[in-house]
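Please keep the sequence and the model in view while reading the numbered points.

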Amino acid sequence: MDNPINVPVDDPKADTEWNDILRKHGVIPEKPPSPTPLIEEALLEARKQAYDNRLENKGLDELDELEDDEDAEFLEKYRKQRIAELSSVSQSSVFNQVYPLQKPDYSRDVTEASRKAFVLVHLTSSLGTNIESRLLTELWRKLARKFGDVKFCEIRGDMCIEGYPNKNTPTILVYHDGDIKRQLVTLRELAGPKTGIKGNSSDLEQLLVEVGALKANDSRLLHLESHNEPGIPTTRNNVPNSDSADDGSDWE
């Protein structure tokens with residue numbers, strides 16, 4: 001048997017005529033495809049999407065100011081679309097206030113109500129010294145007025161769940177389709193006592209987008225900065241619903 005011939009290869013990754021011959025005969029592997037075309041394609045697609053969505057989140061007054069810069073037919077189509085969106089939001093804005101809850105009515109006012117709209121419950125502290133709970137009560141009022149299609153409710157934690165510890169308040173419970181979708185125990189997942197409605201990556205408007213209560217392109221939202229999505233806790237033991245609103249033994 002003939003001994004194999006050692007073919008000199010200086011750099012198998014080099015783009016040379018000699019290496020092309022070796023690749024043709026299977027002596028060295030083919031070059032991996034260059035990522036440049038894929039990157040360029042992605043950049044072109046991003047620019048196209050940015051252009052197509054250039055009118056997103058523009059108010060009616062802002063659209064009027066673009067009459068000299070945009071195609072009249074396209075602008076009129078977009079204006080009608082925006083008016084339809086605003087009309088839809090207006091028709092579904094039936095709450096517009098914070099609803100105080102009573103434990104006997106929890107199933108009706110929260111669990112059942114969440115089959116028609118998102119319901120957010122604030123379990124408040126029994127102590128007036130709980131800064132985060134007092135802050136969330138004020139933010140709840142502002143959110144309720146701004147997003148009338150979402151139902152915002154409040155009930156004292158220990159009145160909803162017997163023995164519920166004040167250290168776990170404020171607690172936010174997000175309901176939809178008759179079930180709890182998200183829970184936040186205190187505001188530590190957001191920005192603690194610095195939590196706001198908007199202005200940072202952990203604001204309450206962003207929370208509403210994350211849980212699906214609002215669309216990211218909702219015209220009522222200001223620009224939401226890009227951020228890493230915070231972890232979503234999966235523990236759901238003894239979260240109040242139609243069957244277990246009075247069981248809080250495992251919350252300690």
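Which residues of the largest nonpolar core touch the most other members?

1. The model under review is a predicted one. Its largest nonpolar core holds 24 residues, and those touching the most other members are L120, L143, F152, I172, L204 and L208. At least two residues of this core come from each of α6 (131–146), β4 (171–176) and α8 (204–211). Another core lies apart from it; that core has 15 residues, including A113, V119, V121 and Y164.

2. Leaving aside residues up to four places away in sequence, L208 touches L120, L143, F147, F152, A213 and L214. Among these contacts, L120, L143 and F152 are also listed with L208 as core residues that touch the most other members.

3. Why is α8 described as largely enclosed by the rest of the structure? Seven of its eight residues are buried, and α8 is therefore largely enclosed. The buried residues are L204, E205, Q206, L207, L208, V209 and V211. They pack against β2 (119–124), α6, β3 (151–156), β4 and β5 (179–185).

4. After α8 comes G212, which has a positive phi, near 95°.

5. How many salt bridges does the structure hold? There are eight. In one of them, R156 pairs with D158, and the closest N and O atoms are 2.8 Å apart. R156 counts as partly exposed because its relative accessibility is 35%, and D158, with a relative accessible area of 30%, is partly exposed as well.

6. The side chain of R182 meets that of E189 at 3.4 Å, N to O. E189 is partly exposed, its relative accessible area being 25%.

7. A further salt bridge links R108 with D105, with 3.8 Å between the closest N and O atoms. R108 counts as exposed because its relative accessibility is 52%, and the cut-off for exposed is over 50%. D105, at 26% relative accessibility, counts as partly exposed. Through salt bridges that share partners, D105, R108 and D109 are joined into one network.

Definitions and conventions:
Residues numbered from 1 in each chain as written. Predicted model: local features only at pLDDT ≥ 70, side-chain atom pairs only at ≥ 80, totals over all residues. Heavy atoms only, no water. Core = buried A, V, L, I, M, F, W, Y, C linked by side-chain atoms within 4.5 Å. Buried < 20%, exposed > 50% of the residue type's maximum accessible area, 1.4 Å probe, protein only. Helix = DSSP H or I, 4+ residues; strand = E, 2+ residues; numbered from the N terminus. Contact = heavy atoms within 4.5 Å. Salt bridge = Lys/Arg side-chain N within 4 Å of Asp/Glu carboxyl O.
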